[in-house]
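Please prepare a briefing on the structure shown here, grouped by topic and with the cut-offs behind each term.

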Amino acid sequence: MRSAAFVLCVLIGFVSRALAGEASEGRIVLPADVVPLHYEIAVVPDTAALSFAGSVKIDIEVRQATSRIELNAADLTFSHVALSGVAQAPQVSFDASQETATLTFAAPIAPGRYVLSIDYAGKINNNAAGLFYLDYDVAGGKKRALFTQFENSDARRFVPCWDEPAQKSTFTLTATVPSDEMAVSNTPVAARDKLMGGLDRVHFAETPKMSSYLLFFGLGDFERISRKVDGVDIGVITKRGDTAQGQYALDAAARILPYYEDYFGAKYPLPKLDLVAGPGLSQFFGAMENWGAIFFFERDLLIDPKISTEDDKHGVFIVVAHEMAHMWSGDLVTMDWWDGIWLNEGFASWMEYKATDRFNPAWNVWLRAMRAKEGAMRVDSRAGTHPVVQPIHDVLQANEAFDTITYSKGMSVIRMLENFVGDDAWRAGMRAYIQKYAYANAVTDGLWAEIEKTSATPVTDIAHDFTLQEGVPLIRVDAIHHAVRLTQDRFTVDDSGKAPTAWRVPVVEKTLGGKSEWRGLVSRDKPAVIALANGAVPIVNAGQAGYFRTLYDRTLSARLAAHFRALSPIDQLGLLNDERALGYAGYEPMTDTLALIGRARAGMNPLVLVDIANQIAALDVLYRDLPGRAAFRAYGLRVLRPLFAKVGWSAKPGEDTNMPLLRSDLLAALNQLDDPSVIAAARKRFAAFLKKPESLTGDLRSSVLEIVAAHADAATWEQLHSLAKSAPSSLEKHQLYLLLGRAHDRALAQRALDLALSDEAPVTMRPAFIDSVADYFPDMAFDFAVAHADAINTMLEPDSRNEFMPRLAGESHDPAMIAKLEAYAEAHIPATARQETVRIEASVAYTAMVRDKRLPDVDARLKRRH
Ligand SMILES: [Zn+2]
């Protein structure tokens, strides 16, 4: 799965080393005395009535005599239940909280194979859980399409089943559908029979052995474009009329498939692979790796040259690469339980960059990956963090595991380990792991064991240090006589990590301009001493593959700053990120960060300048309502305006492929600083656009609309609103509606909030309006959402309900918000699902501290300059 947003984090203090090995205690799972082997499912959706009829025949194996069969079912009603060879029908009882059905027989059933038949009925939901619908506008009316979303535990809303990743089975699906609609599932259509009344019965071919959460069904007025690659029929499926927008993703998939087959050393095991686009949104995820039928919300798959930006193109390639990596890591080899989800997601998040870099080296995506690592470190250095491998007892906790630590720390740790053992040894271990566990389940230690067989470097202990314990290592670097000493400590921004923690940290050190590098492990009880020539500039974590922060002593820090522009772009980013984090946390003066920002020059790598622009914008957000803001803004404009003057409003022929990203982030930062010249220029372009819409496309269109929306008056807001209402495509409608929530005018932001409760826009889009307002007015958005929680919860998939409200408060600086969050969680969020709340509380407290304690240093420094 690809998260909708990388945020979130958690408590859950204890973790045992046994976790990475075998099953942990306390999991709530189905009894193991009966297991499924094969499902034959038939469904008849009633799209208008939002319900469906189903029947399933499950080949089961009874391993131990029992008179009870327990399986998962949620929101289903059973009309007929029978077991082959047993005359009397069982009694059926449901447990709504555990989402199970129990069949009780009059006498024990002997071990052996049986067929369990169930006729049942279920619901078609308005959000992405189980079978759900997405409505969209077409000329002269509306249309409805159906899709399924089962990860992590919603297959049970579609079919009674053993809904656990380790219960792998084969599936055949049959669906009765309107003759003029396209039905899609994991496998190709094996037969399509004509029925009476404009209906067809579609039979899909049998799937390979797989977990229930990977099953997929889609139905609608779709079109498909396709290409045959290595014998695999790759397709992109969109709403009728949108296939041109899917061409870019089809090209990406066609390039990626042979690369993965080679990398994993295993052929893609299905005859076809569809990428299916659905109009709408989820607050929980962006795309889902159903085997052979990957589902994407449109904005993660489709490219419309009129409105899509360069960043959107990079993003689509990355998400396609992520989901396709899951066809092997996740689908072919699956974690045995949800505490192994990090390996699925961390691995796919790492592979998305590796594959994207392979085909688009000019994009420099490893620089982009630094943002994800930084996001993980931010969460991992505060109260509310948790180890990558954490105990998951039930489905509720499994929902919470799809977080920044799982995805981004998982990705960063895998990158560090690959860098440490070398590409070839890592790939060889990966191939052996895939081969060994294909069509089966694995635990994390299974991977380390295979890598140790192919690599000369032992990796298990290091992997355990970084995955079984929480937190961010800190490597202190001190100049000593003709050498530097590296010692290991822990980086933490509050009291969460005061207990000493030991890691074996893989470190790469290079000297600026030197040819050789030093590689070794640094740990709490084994500092390293590396020889250094007089005046040389050591770069610790050179190449930035390590998951740790580096704290240089004052002499070395000053030396690095003086040579900042001579560093490679990735080391410049590493230094900027570390200095900022160390400055905010009080390890170093904040002024060190300003000194680095002051070294920004046009002509530096665009993604480094993107980081600098974002740092300035983020500091300006921190300054909200503080007296020092005017002086800070003057400083920010002095840094950013010369950079923007070189970049300009319009793309230049032959410019760096990342220049559009820099242009749009510089404009976003200047917009944040309320730069009057930028606002005036954007308004002028907007006026021309209203007369001649084709005058603005892609990146420029996006930037101009953002600036105009942020500084909109009532009339402009209404112009944007009518553009949103009449937008011809769901992709464009989505973009325009979100702009309405960007207004800095409180009354207009309130109107955007009110829209979330009207039925003007498609239902899955509406919660995003509140989220959009929360960027600038977090307290107002939170209060609004809490006041209308019942209405809003009906629009959210159950997986999002415990996280959506706390997340709205993420940008708040008000310490009073902490008590409000506590009160809300106490009343509305189950105690086992408050991880996001804890993380947001820690974030609000930290932001308030930075405003209080650190910004005065910035004020003082800015005064000294004048
Ligand atoms: Zn994923």
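The zinc ion is coordinated at 2.0 to 2.5 Å by Met1 (N), Met1 (O), His322 (NE2), His326 (NE2) and Glu345 (OE), where donors are N, O and S atoms within 2.8 Å of the metal (3.2 Å for Na, K and Ca) and sites may look incomplete because water is not among the atoms. This is a predicted model, in which local features need pLDDT of at least 70 and side-chain atom pairs count only at pLDDT 80 or more, while totals for chains, interfaces and linings use all residues. Residues are numbered from 1 along each chain as its sequence is written, and side-chain values use heavy atoms, with hydrogens and water left out.

- The spacing of the donor residues in sequence is M-x320-H-x3-H-x18-E.
- His322 lies in helix H2 and Glu345 in helix H3 (residues 341–359), so the pair ties together parts that are 23 residues apart in sequence; helices (H or I, at least four residues) and strands (E, at least two) are DSSP runs, numbered from the N terminus.
- Both His322 and Glu345 are buried, which is to say under 20% relative accessible area, with exposed over 50% and partly exposed in between (1.4 Å probe, protein chains only).

**Confidence**
- The chain averages a pLDDT of 94, and 97% of the residues score at least 70, pLDDT being the predictor's confidence in each residue, from 0 to 100.
- Over residues 5–23, however, the pLDDT is below 50, although this stretch has 66 contacts in the model beyond near neighbours in sequence, a contact being heavy atoms within 4.5 Å.

**Largest pocket**
- The largest pocket has a volume of about 640 Å³ and is lined by 33 residues, of which Ser97, Glu99, Val395, Leu396 and Asn399 lie nearest its centre.
- A pocket is an open set of points, on a 1 Å grid over the protein atoms alone, where a 1.4 Å probe fits, with protein on both sides within 12 Å along at least five of seven lines, and lining residues have an atom within 4 Å of a point; grid points are joined across faces, edges and corners, and a volume is the space filled by probe spheres set on the points.
- Elements that give two or more residues to the lining of the largest pocket include strand E4 (66–72) and helix H5 (395–400).

**Thr832**
- Thr832, in the loop between H25 and helix H26 (835–864), is partly exposed, with a relative accessible area of 39%.
- Leaving aside neighbours within four places in sequence, Thr832 is in contact with Leu396, Gln397 and Glu400.
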